Amino acid sequence: QGQLVESGGGSVQAGGSLRLSCAASKTLRNCMGWFRQAPGLEREAVATIYTIAGSTAYADSVKGRFTISRDNDKNTVYLQMSGLKPEDTAMYYCAAGASYLSTCPLEVGRVSTWGQGTQVTVFS
C-alpha cells in the first residue's frame with residue numbers, strides 16, 4: 001500500500017556529488033535503504049538505515065563516500081553521494097523493510113517495498 005518515490009538522479013562528472021531523495025507515502029519502516037543495479041549485474045545493497053536509532057550500514061564500495069540519512073517527520077530518506085566514480089553508474093532504488101534484531105542487513109531478500117528507481121550516470 002505504501003509507495004516510495006525517488007528523485008535527484010541525473011548525470012554528473014566523475015568526482016562530483018548528487019543527493020538522492022526517497023519520499024514515502026506512509027511513515028518510514030524500521031529499515032530503509034538504497035540499492036542499485038547496473039546492466040548485466042545483480043542488484044546490490046548500497047546503504048541501509050535503522051530509522052528508530054539512526055544506525056547505518058554501508059557497502060564497502062561506497063563507505064566513506066556515501067551517507068544515508070532520514071527525516072522521520074518528513075517520511076523521507078536521503079542518500080548523499082560524493083566522490084562519484086563511473087562504476088557508481090546504475091539505477092538506484094529506494095527500499096523499505098522490517099528490521100532484524102534492531103539491525104538492517106544489507107540484503108536484497110529482506111526488502112518488502114521498492115521504489116521505481118532513479119538513474120545515476122557518472123561520466124569521465
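**View 1. Lining of the largest cavity, with S4 as the main contributor.** The largest share of the lining of the largest cavity, 4 residues, is supplied by S4, where strands are DSSP runs (E, at least two residues) numbered from the N terminus. The model is predicted, so that local features need pLDDT of at least 70 and side-chain atom pairs count only at pLDDT 80 or more, while totals for chains, interfaces and linings use all residues. Residues are numbered from 1 along each chain as its sequence is written, and side-chain values use heavy atoms, with hydrogens and water left out. The volume of the largest cavity is about 100 Å³, a cavity being a set of points, on a 1 Å grid over the protein atoms alone, where a 1.4 Å probe fits but cannot get out, with lining residues having an atom within 4 Å of a point. Of its 14 lining residues, Cys31, Thr48, Pro105, Arg110 and Val111 are the closest to the centre, and S4 and S9 are the elements that give two or more residues to this lining.

**View 2. Strand S9 and its pairing partners.** S9 pairs with S4 in the antiparallel sense over 7 bridges, pairing being assigned if DSSP finds at least two bridges between two strands. Within that pair, Cys31 stands opposite Gly97 in S9. S9 also pairs in the antiparallel sense with S11, over 3 bridges, and Gln119 in S11 is the bridge partner of Met91. With strand S10 (residues 113-114), S9 forms a further antiparallel pair over 2 bridges, in which Trp114 is the bridge partner of Ala95. S9 is mostly covered, 7 of its 8 residues being buried, that is, under 20% relative accessible area with a 1.4 Å probe and protein chains only, whereas exposed means over 50%.

**View 3. Surroundings of Tyr92 in the largest nonpolar core.** The largest nonpolar core has 28 residues, and Trp34, Leu79, Met81 and Tyr92 are those with the most contacts inside it; such a core is a set of buried Ala, Val, Leu, Ile, Met, Phe, Trp, Tyr and Cys residues joined through side-chain atoms within 4.5 Å. Leaving aside neighbours within four places in sequence, Tyr92 is in contact (heavy atoms within 4.5 Å) with residues including Leu20, Trp34, Val46, Phe66, Leu79, Met81 and Val120.

**View 4. Thr27 in its loop.** Thr27 lies in the loop between S3 and S4 and counts as exposed because its relative accessibility is 61%. Between Thr27 and Ala59, which are 32 residues apart in sequence, the C-alpha to C-alpha separation is 25 Å.

Notes
1 Å grid on protein atoms, 1.4 Å probe; cavity = no way out; pocket = protein on both sides within 12 Å on 5 of 7 lines; lining within 4 Å. Points joined across faces, edges and corners; volume = space filled by probe spheres on them.
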